[in-house]
Amino acid sequence: ISLGLVGSEMCIRDRGGTGKSTLAAHSYGYLKREGISRWLVDMDPQASSFDWLKENDAESDCEHLTDLKQASEAIRERSHGSDVVIIDGAGALSDPTKAALLVADIVVVPCRPSRMDFRATQAVLEMAKEANRHRDRPVKVLVVPSMVRSNDSMSWQLQSELEGLGVPITPSVSYRVSFAKAAGDCDFVWDHNDNQATAEVEMLMEGIADYV
């Protein structure tokens, strides 16, 4: 299974939020913890998830490939030897996003409670429709409500508007300091003893698995 994470943001996001690279790194860490073979390719020029995983463990099975042809060939090759291939794409409307939509089985789009992120998520969904015209099997697109806050009107509004898009919505990931700490320390929320954040990652991964 190839799992692509693409950004819904129109602009570059500061490291330390619960965006695509945070989810990509935690997906890798979760699969490693569960004993599932995995490989991650970081197609984002910033190389956030690649640097994160290599800093955590120099033996991490990941690569940073920004050349689209090279990355696509590597993804197809590694798909035969890994249970899960994780593709960390780039921001919305970028070439890595288009590549992920063409080669991934499932594409996960984190979307923060902001009008800009919501509009960019809509743009990614339109790109997915176009990509499906060139695929033998349609890509499944899932949206993750990201950096949501309890009792926050913007977060409630995001959930309502995402439901109107007609695509599957996964369990949400909340705004928590432990995600920023994990990014800063290049480890994972379970290393910071945040049971709630750990549970959110686990529920998200289980939610994604429902669509495999």
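Predicted model: local features only at pLDDT ≥ 70, side-chain atom pairs only at ≥ 80, totals over all residues.
Now step back to Met147, in strand β6, which runs over residues 140–148. Met147 also has a positive phi, near 60 degrees, and it is a residue other than glycine.

Let's move to the helices. Two packed helices are described by the angle between their axes and the distance between the axes. Take α1, residues 20–33, and α2, residues 48–56: they pack at an angle of about 40 degrees, with axes 9 Å apart. That makes α1 oblique to α2, and their crossing is right-handed. Who touches whom? From α1 we have Ser21, Thr22, Ala24, Ala25, His26 and Tyr28, and they meet Ser48, Ser49, Trp52 and Leu53 of α2. Sorted by class, that contact has five nonpolar residues, five polar ones and no charged ones.

Two of those names come back when we look at Asp187. Asp187 is in the loop between α7 (177–185) and α8 (195–209). Is Asp187 buried or exposed? Asp187 is buried, with a relative accessible area of 14%. Setting aside neighbours within four places in sequence, Asp187 is in contact with His26 and Trp52, and also with Asn56, Lys181, Ala182 and His192.

Next comes helix α3, residues 68–78. Its buried residues are Ala71, Ser72, Ala74 and Ile75. Looking down the axis of α3, these buried residues fall within an arc of 165 degrees, so they line one face of the helix. As a reminder, an α-helix has 3.6 residues a turn, so residues three or four places apart point the same way. On the other side of α3, Lys69 and Glu77 are exposed. And what do the buried residues of α3 pack against? They pack against β2 (38–42), β4 (84–88) and α4 (95–103).

Let's stay with α3 and α4 for a moment. Their axes come within 11 Å and cross at roughly 30 degrees. The angle is under 35 degrees, and therefore α3 and α4 are roughly parallel to each other. Their crossing is right-handed. In this contact, Leu68, Ser72, Ile75 and Arg76 of α3 meet Asp95, Pro96, Ala99 and Val103 of α4. By class, that contact has five nonpolar residues, one polar residue and two charged residues.

My last stop is Leu204, in helix α8. Leu204 counts as buried, at 4% relative accessibility. Which residues does Leu204 contact, leaving aside neighbours within four places in sequence? The answer is Leu23, Val144, Thr170, Pro171 and Val173. Of these, let me pick out Leu23: Leu204 and Leu23 are 181 residues apart in sequence, yet 9.5 Å apart in space, C-alpha to C-alpha.

Methods. Residues numbered from 1 in each chain as written. Heavy atoms only, no water. Axes fitted to C-alpha atoms, helices over the stretch in contact; angles between N-to-C directions. Helix = DSSP H or I, 4+ residues; strand = E, 2+ residues; numbered from the N terminus. Parallel < 35°, antiparallel > 145°, perpendicular 65-115°, else oblique. Left-handed = near helix turned anticlockwise from the far one by under 90°. Contact = heavy atoms within 4.5 Å. Nonpolar A, V, L, I, M, F, W, Y, C, P; charged D, E, K, R; others polar. Buried < 20%, exposed > 50% of the residue type's maximum accessible area, 1.4 Å probe, protein only. Arc of directions from axis to C-beta.
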